[in-house]
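I opened the model to look at its core and the strands around it. My notes follow in the order I looked things up.

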Amino acid sequence: MSERISPHFRRGEFACSCGCGFDTVDHGTLEILEATREHFGVPVTVTSGCRCPEYNARIGGAAHSQHKVSRAADIQVKGVDPDEVHDWIDANFPFVSLGRYDTFTHVDTRSDGPARWDG
Ligand SMILES: [Zn+2]
Ligand SMILES: [Zn+2]
């Protein structure tokens, strides 16, 4: 088990899927995820956290993706519609950048945000 970095998350949950070991996560991003976990009261799964440049390119990620700089996480909240997750974060953390997708919600803390888009 990897290091616990907040009450409900471990560092390994943010690790790049390619196995390179890149697993740094922005503190502000982690706080949003923790607040989301607390609000809904069910597990939050990080489906994509850190991405090294090679992995991001391989999966067709945006060239300047916030996943490459440890500020982004794609999340699924167990049993909760992604639209509801998106709208709750939007209402409570309006400075956070959000991408709305059918099966997950993209959250990031870019410095030139907030951005909003539909995936
Ligand atoms: Zn990697
Ligand atoms: Zn994302």
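I started with the contacts of Ile75, leaving aside neighbours within four places in sequence. Ile75 is in contact with Leu33, Val44, Thr45, Val46, Thr47, Phe104, Thr105 and Val107. I count a contact when two C-beta atoms, placed from the backbone, lie within 7 Å.

A note on the source: this is a predicted model, where local features need pLDDT of at least 70, side-chain atom pairs count only at pLDDT 80 or more, and totals for chains, interfaces and linings use all residues. Residues are numbered from 1 along each chain as its sequence is written, and chains are lettered from A and ligands numbered from 1 in the order in which they are written.

**Core**

Next I looked up the largest nonpolar core, which has 19 residues. A nonpolar core here is a set of buried Ala, Val, Leu, Ile, Met, Phe, Trp, Tyr and Cys residues joined through C-beta atoms within 7 Å. Leu33, Ala73, Ile75, Ile89 and Val107 touch the most other members. Helix H1 (27-40), strand E3 (44-48), strand E4 (72-77) and helix H3 (82-92) each give two or more residues to this core. E4 gives the most, with four residues. Helices (H or I, at least four residues) and strands (E, at least two) are DSSP runs, numbered from the N terminus.

**Ala73**

Is Ala73 buried or exposed? Ala73 is buried, because 30 other C-beta atoms lie within 10 Å. The cut-offs are 20 or more such atoms within 10 Å for buried, 12 or fewer for exposed, and partly exposed in between. Ala73 lies in strand E4. Beyond four places in sequence, Ala73 touches Phe14, Thr29, Leu33, Val46, Gly49 and Val107.

**Strand E6**

I then turned to E6 (residues 105-108), where both faces are covered. Thr105 and Val107 are buried on one side, His106 and Asp108 on the other. E6 pairs with E4 in the antiparallel sense over four bridges; a pair needs at least two DSSP bridges. Asp74 stands opposite His106. Strand E5 (residues 97-100) also runs antiparallel to E6, joined by four bridges. Gly99 stands opposite His106 there. E5 and E6 form a hairpin with four residues between them.

**Whole chain**

Last, I noted the overall layout. The protein has three helices and seven strands, in the order β-β-α-β-α-β-α-β-β-β. Buried residues make up 32% of the 119 residues.
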